Amino acid sequence: MKPPRTITRIAALAFALVPVLAWQALAEARLISPIFFPAPSRALGALISHAADGSLWLSLLATLLRMIFGWLLACLAGVALGAAIASSRLARDLLEPTLEFLRPLPASAVIPVAILFLGLSNAMALAVIAFGAIWPVLLASVHGFSSVPPELRPVAEVRDRGRRN
């Protein structure tokens, strides 16, 4: 028999709250370093303070803009690479080994290399975000471009030539 919904919700809340309360207790007793693990109450206080003085919203906007631009960069590169891989055997042979080597890497593993080449800059953040976001776009683009029936490609080429003229 399934427990009532209220009991399930209370249990889920307790399951989430117990580790936070344990963390708070350990931080107050100084059993964990406050430098690496500040107490949740201290973090909440800083969040409220930054929200009140407006600095939180500026930082949030900057982060949001970096995420959007990184995602747009990933979309541009993913669609371009996906079109090249799907339409050209040579491009597939040249690009696929490198891409298959890079694909399983988590974005966090690329951060040191990005810092080395780009420094601690917005460009570095954009590169890491784009690296993390490119894979779904690239794979979907390869699949989408390669699933176009071959008999429709001449139609697209004629249509494209008509737009240029």
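This report describes selected helices, side-chain pairings and surface features of the structure above.

The structure is a predicted model, in which local features need pLDDT of at least 70 and side-chain atom pairs count only at pLDDT 80 or more, while totals for chains, interfaces and linings use all residues. Residues are numbered from 1 along each chain as its sequence is written, and side-chain values use heavy atoms, with hydrogens and water left out.

Helices here are DSSP runs of H or I with at least four residues, numbered from the N terminus. Helix α1 covers residues 5–28 and includes Gln24. With a relative accessible area of 13%, Gln24 is buried; the term buried means under 20% relative accessible area, exposed means over 50%, and partly exposed lies in between, with a 1.4 Å probe and protein chains only. The side chain of Gln24 makes a polar contact of 3.0 Å with that of Ser41. A polar contact is a pair of N or O atoms within 3.5 Å; within protein, one atom must be able to donate a hydrogen and the other to accept it, and residues adjacent in sequence count only if both atoms are side-chain atoms. Apart from neighbours within four places in sequence, Gln24 is in contact (heavy atoms within 4.5 Å) with Ala39, Pro40 and Ser41.

Arg30 belongs to the loop between α1 and α2 (40–53). Its relative accessible area of 62% makes Arg30 exposed, and its phi is positive, near 60°. Most residues other than glycine have a negative phi. Helix α2 has 14 residues and reaches 20 Å from its first C-alpha to its last, close to the expected 20 Å; the expected span is 1.5 Å times one less than the number of residues. Just after α2, Gly54 has a positive phi of about 90°.

**Helix α3 and its cover**

What span should the 33 residues of α3 have at 1.5 Å a residue? They should span 48 Å, and the end C-alpha atoms are 48 Å apart, which agrees. Helix α3 runs over residues 55–87 and holds Leu65, which is partly exposed at 40% relative accessibility.

The buried residues of α3 are Gly70, Ala74, Cys75, Gly78, Gly82, Ile85 and Ala86. Their cover includes α4 (89–102) and α6 (122–146). Ser141 in α6 is buried at 9% relative accessibility. Not counting residues up to four places away in sequence, Ser141 touches Gly78, Val79 and Gly82.

**Salt bridges**

The structure holds two salt bridges, each defined as a side-chain nitrogen of Lys or Arg within 4 Å of a carboxyl oxygen of Asp or Glu.

| Pair | Closest N and O atoms |
|---|---|
| Asp93 and Arg89 | 3.9 Å |
| Glu100 and Arg103 | 2.9 Å |

Asp93 and Arg89 are separated by about one helical turn because they are four residues apart in helix α4. Asp93 is partly exposed at 44%, whereas Arg89 is exposed at 55%. In the other pair, Glu100 is partly exposed at 40%, and Arg103 is partly exposed at 35%.

Terms used: Helices (H or I, at least four residues) and strands (E, at least two) are DSSP runs, numbered from the N terminus.
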